[in-house]
Structure formats: structure tokens, C-alpha cells
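I opened my notebook to look at one protein together with its ligand. Here is what I wanted to look up, entry by entry.

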Amino acid sequence: MRYPPIVKKIPHLLHGGDYNPEQWLPWKDKIWKEDMRLAKLAGINTLSVGIFSWTALEPVEGEYHFEWLDEVMDMLAENNMAAVLATPSGAKPAWMSGKYPEIMRVNAMRQKELHGGRHNHCLSSPVYRQKTLAINTKLAERYKNHPALGVWHISNEYGGECHCPLCQEKFRAYLKEKYKTLDALNVAWWTTFWSHTYTDWAQVESPSPIGEGNLNGLRLDWRRFTTEQFVDFYLHETSPLHKITPDIPCTTNLMGTYPGINYARLAEVLDVASFDSYPRWTSTEKDVEVGIRTAFNHDLTRGLKGKPFMLMESCPSATNWRAVAKLHRPNLHMLQSIQAVAHGSDTVQYFQFRKSRGGPEQFHGAVVDHEGTEKPRVFQDVAAVGERLKGLDNVVGADTPSKAAVIFDWNVRWALDDAKGFLQDKTGYEQTVVDHYGAFWKLGIPVDVIDSTRSFDKYDVLIAPMLFLLRDNAAERIDAFVQRGGTFIATYASGYVNESALAFLGGFPGPLKETLGIWCEEIDALFPEDSNSIEWQGKSYRAFDLCELIHAEGAEVLGAYGSDFYAGQAALTCNKRGKGKAYFIAARTNGDLLKDFYGFIAKDAGLKPVLVDPLPEGVTAQVRDNGKTESVFIMNFTDKDKQVKGPSGTIALAPFEVKIIERDSQSS
Ligand code: GLA
Ligand code: ZN
């Protein structure tokens, strides 16, 4: 299956990044010209402009200065490059904060912020909305027919929250719409306990460390509301763009598993998903874990729209915001760039093109260093990526076919973060999902990462680690998936609460009890120095952190606990139901069990590895399939040489090397 290219007139993978030429306006004759020469040398075909440019575009209220941006857009067009053109709302001009203080956020402590920084406007402010609409409309009108216009980049890394009076009013309106009556809200949030009952809508306030902080239902709804605020603001920002330039896709750059916004919801309104990826490479054997984590983020971003995405930012060298700014060792830059492509990105983009001379990101890695020429190693690394991407036209728009999906759900994560009990503050939801995902990565079997509200239709295997909160009709949909022949895997801490964080009565895992054929009676939290084991198929696997005490009620017991007062009790079960099977892993375990277990599941469910089984440790294989040709990416995330015994001979990989082979599509 092949999707159209992201920028219609460029049927290639996009290569480029954030370009902030207004920093160099007084020296533009020299610098901009040189930028174009260097960009071409690096094989760059797209640059993102206008991000944070509000003051340069509107230095005085209502007085617009587009001349410099005209020149930049023309320059890009002359050099056959596409512009990823931003709306400037990511940072506000000082004149605006001065004249209209309502646009500045109020934090959870109810303190009004001062002007400064970025990503900190109030999303409810009518003035900010009006100003944003005005400048976005002007941008769209001005550049609607410009040959460089390729993609709209809405704002930058939406995030944070505002607790100002305007936002409180909107929050109450959101709750009224949702619950209709205060009684319903009081039940959903279980407010009778501790005398938290609301007797007037006006008493409802957003959560705060100095106020109401303990109502989990309130906390969940506040995050949902904040997500809706961003959805609404995005729709507001894009309304003139969609109207004036209907063929230009809009996106906003996301941040992987950023906890503040339910990206699965925000993605519904994006035309294409995009992601800023900054893996914490160590250049040691630990990079296998970093590689898995990064792959997960890519697959998560791809799963948001279920089609190719954009790697909107990455760093060609070291970032400046980590405690240790370690350089990329040879091959690492190539590996991280191609890795994104292997998992579904149609672009490799950087922050930023030319390193700032001053300001907050002065020493952040960039394509062009302070030195200013093509000589540095980093520039050469980027140019090598540019060259390689030119040879990958088969990948443009190509699908990433997978028969297995892992659920990552922001609502579950929020509920677990707030849950008291278990392992407070260390419920480890995100890492647990990554661990289960990682088993497939190691097997070289592609897997989608999806939200629990997405369709399960195309999958044979569905994994839902720690599905603590069950949304809408999730349990019914999972049951239907199993009944029609799917293989479902659940774990400890599943099916505890409903959408309002109210516990299910009648035994856990709540509405999943029958599907899984078990009853979870208690959950034991272990001290870090403690462990138990799961005995399965003659092997003993370490169990730690959380061990659930379960009873088989129809399920077959496959594995049992090795010690403590629940030794011999069920720890791994399988329930045959309809045409399918539902497995339950009762305790947290490490990669050893997960790799063996998912190896067993893959065989049982007929999931095929992309290349061969087994792959050497630290090596994975991923695939993009355009319906005619498959591109297979074989990637070594270790600092050692590796040999992969492929179907037609051995493939040798140097440390951190990636090789790509093409073969006929197996899906056609
Ligand atoms: C984020 C931002 C960029 C820049 C980079 C630095 O992704 O979007 O503006 O600050 O981080 O890593
Ligand atoms: Zn506000």
C-alpha cells in the first residue's frame, strides 16, 4: 500500500529542518546565500520557517512585515525546496503581553506568569485567538500560491496548561456539557468521601497543589479538558489555512509520549502526524534500550494516523538541554535518521539548520556549526543521510504492515499516575508498554502502537499491558476481537477502574473477567530488593515490582509463582474463548520472559519476522511496503560487529550500521 507523498510535488523522502533565518537578517546577503549553498550540499529539499517569528512578522500591533519572509520563501523556491511554513503562535511578542495581559498563563499555583519563554499562551484568551487568526489568515493569503509552500507547521510543541479565570469558566462549561447535573459529577468523582461534595458549579476549580488535588476523576477530566483546549485551538489556528489552502496538509509537532495531551485525540484533527525525536544515545551497549524506546515513539506517532508521519525534528549532534551532551559516534546519525524512516517516517528533519550565535540554544547541535562551512563531521554526516535518502524513493508513502498491536493509552497512563496504592509514583506504565513492544522489536516482527479506542480489525494479536482504566466499550470490543479468533494478552493491573476512575465492583479485571477467565483477588507490591518468579515451560523467570494473586475461572494455568505465600498459584494463564485465546501475565517480568513468551505467541498466531529468526542481539529488522517493493531495514544498535544470517547469505553490520535490502512485496 502506498500513500501520496507529504508534499505532492516532491515524490522523495523529505530532508531538512528548522530554519530560523531572521536571526541573521542584518547579515542576510552573506549568510542566507551561504545557507542555500550548504543546504544543497547536504541534500536538503525542505526547510521549516516562521516558527516563533511573530515579532519579526508583526513588530508593532497590526503592522506586518512579510518582506523578509517573502525573500526566504522565494529563495527556497528558487532552490527547489519546499517550505514547512509555521504559524507563529509558539511564542508571543512582548507588545502583546504588555497590552493584553490576559494572554499570559496562570499556573496551577494560581500565579500569573510574566512575559518570556515560549509555549505559554492562554488557550482561552479571546485576544490571543483573534491575533492568531489575523496573522494566520495573512500568512495563508500571502503564500497560498507560493511555489515553496509545502506543509503548514502549526505553532510548536503545544503543551502545558492554563488555570486563569477564563480557562476555569471553560472547564466548568465542559463539565456541565459532560455531566449535565452536579449530582452526576459528584458520583463520578466520588466526592462524598472527605466532604468534597460540590453544591454549586462555581465551586469547581482545576486541580491544584494548594487546592483540590485528590479527586482522581477531576484530575482525569482536567487533562481531557486540556486536550480539548488544544484540539480547539488547533482547529481555530487551521480554520483559515484549510479554507485558503485546502491542499496543503497541516500538522503540529508532537513529543512522543508527552503526558500533558492525549495525542490520540489531538491526532484526529491533524492531516499528518509529526514528531520531534531526541533519543538519549549513550554510544554503549545501553543503546539497544534507547533504540527500542525510540522505535516505540516512532511507531506510536505512526499509529496516531495509521500512515506515514514526519520526523519533524531531530538533532544531528548533541542537544544542549541534557546534563551530558554526548556526541553521536560514527554511524549513529545515519542510524537514528534511517530508523525513523524504517518505522514509517517520510521525512528526516533537524533542529536546527544553522546554529544560533546566542540565545538559549546557542550550543545545540545543528547542521551548520558556528564554524560555518561543510567541513565539520556533523555536516558530512547530514550530507551522507541526504545522499542515502535520495536512493529511497521506493519508501515514499510506503505502508508499515503489521498484524500485531500494542495498546498505549493516555487515559490509562493518567489514571495510573494518580492511583494511590500499588507502587505509588512508580507504576511504570510507559516502560511496561515499551517492554512488551520491545519483545517484538527483538524478534523483528513489526507492531503497531495504538490507542484503545482504535479499531482492532486488522490485527491477529493485541497486547494491552496494564490496561488499568477501561474506556467506553473497550472490554466488549476486546471480547469480540477474541471471539472472532484473535489472540489477546493482558497483564496485572488491568480492568480496575472505569473512565471516571471508579473501581469496578464484582472482582478484577472488571469487565474483562470473562474474556480472560480469571479473577484477580489481590495485588502484591514488592520492595526493589525483593523478587519472585514465574515458572513456565521448565524455566524460571524473574518477577518483580507487582505480582497479582489470581484464580483461574475457566482459564488454563500455564505458569505459576515460584515463591512466597502464593507459590504454586497461577501466574500465567490462557483462556480459550470463541475462536480465540486470551492470555494473562500476572506479574511484572523482564525481557527474558517477554521475548520467550512473544516468540511462542508469534508462532502460535502465525506472525512472521521481517527477515529471519533469530536475529543477533541488539539487531532488528523493520519493513516498509509500497505494494510492489518492500524495503527491509536491518539495524545494529550495538557498538559491536554483527552478522545476520539472511535467507540469501550473511549480512555483516558494523557498529550502529544500518543496511537496506529491497525485495518484491509479499502483500501483493
Ligand atoms: C524542541 C523545540 C525546538 C528546540 C528543540 C531543541 O523540539 O521544538 O524549538 O528547542 O527542542 O532540542
Ligand atoms: Zn487561561
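My entries below go from the whole protein to the ligand and then to single residues.

**Ground rules**

I note that this is a predicted model, where local features need pLDDT of at least 70, side-chain atom pairs count only at pLDDT 80 or more, and totals for chains, interfaces and linings use all residues. Residues are numbered from 1 along each chain as its sequence is written, chains are lettered from A and ligands numbered from 1 in the order in which they are written, and side-chain values use heavy atoms, with hydrogens and water left out.

**Entry 1: the whole protein**

I looked up the secondary structure and found 17 helices and 25 strands. Helices (H or I, at least four residues) and strands (E, at least two) are DSSP runs, numbered from the N terminus. Next came the radius of gyration, which is 26 Å, close to the 26 Å from the globule rule for 668 residues, so the protein is as compact as a globular protein of that length. That radius is taken over C-alpha atoms, and the rule is 2.2 Å times the number of residues to the power 0.38.

I also noted the span of the C-alpha trace along its principal axes, about 75 × 75 × 45 Å. How many of the 668 residues count as buried? I got 59%, where buried means under 20% relative accessible area, exposed over 50%, and partly exposed in between (1.4 Å probe, protein chains only).

The protein exposes about 25,800 Å², and carbon and sulfur atoms supply 53% of that area. Accessible areas come from the Shrake-Rupley method with a 1.4 Å probe, and for residues only the protein chains shown count as cover. Then I looked at contacts, meaning heavy atoms within 4.5 Å. Among those with a separation of 6 or more, 72% join residues 24 or more positions apart.

**Entry 2: around ligand 1**

Which residues are around ligand 1? I listed Phe52, Arg118, Asn156, Glu157, Asp276, Tyr278, Glu313, Trp321, Phe351, Glu361 and His364. A residue makes this list if one of its heavy atoms lies within 4 Å of the ligand. By class, I sorted the shell into four nonpolar, two polar and five charged residues. The classes work like this: Ala, Val, Leu, Ile, Met, Phe, Trp, Tyr, Cys and Pro count as nonpolar, Asp, Glu, Lys and Arg as charged, and the others, Gly among them, as polar.

I then checked polar side-chain atoms against oxygen atoms of ligand 1. The distance is 2.4 Å for Glu313, 2.5 Å for Glu361 and 2.8 Å for Asn156. A polar contact is a pair of N or O atoms within 3.5 Å; within protein, one must be able to donate a hydrogen and the other to accept it, and residues adjacent in sequence count only if both atoms are side-chain atoms. The protein covers 96% of the 310 Å² of accessible area that ligand 1 has on its own.

Phe351, one of the residues around ligand 1, is joined to Gln352 by a cis peptide bond with omega about -15°. I found Gln352 in the loop between β9 (347–350) and α12 (377–390). The peptide bond from Asp613 to Pro614 is cis as well, with omega near 0°, and Pro614 sits in the loop between α17 (591–605) and β21 (619–625).

Asn80 is not a glycine, yet its phi is positive, about 55°. This residue is in the loop between α3 (67–78) and β3 (82–86). Is Asn80 buried or exposed? I found Asn80 exposed, with a relative accessible area of 66%.

Gln537 has a positive phi of about 50° and is not a glycine either. Its place is the loop between β15 (532–536) and β16 (539–552), and Gln537 is exposed, at 57% relative accessible area.

Arg471 lies in the loop between β12 (461–464) and α15 (474–483). I found Arg471 buried, with a relative accessible area of 11%. Leaving out residues up to four places away in sequence, Arg471 touches Asp409, Asn411, Asp451, Ser452, Thr453 and Glu499.

Lys458 is in the loop between β11 (447–450) and β12, and is partly exposed at 46% relative accessible area. With residues up to four places away left out, Lys458 touches Ser402, Lys403 and Asp448. I also noted that Lys458 and Ala404, 54 residues apart in sequence, are 8.5 Å apart in space, C-alpha to C-alpha.
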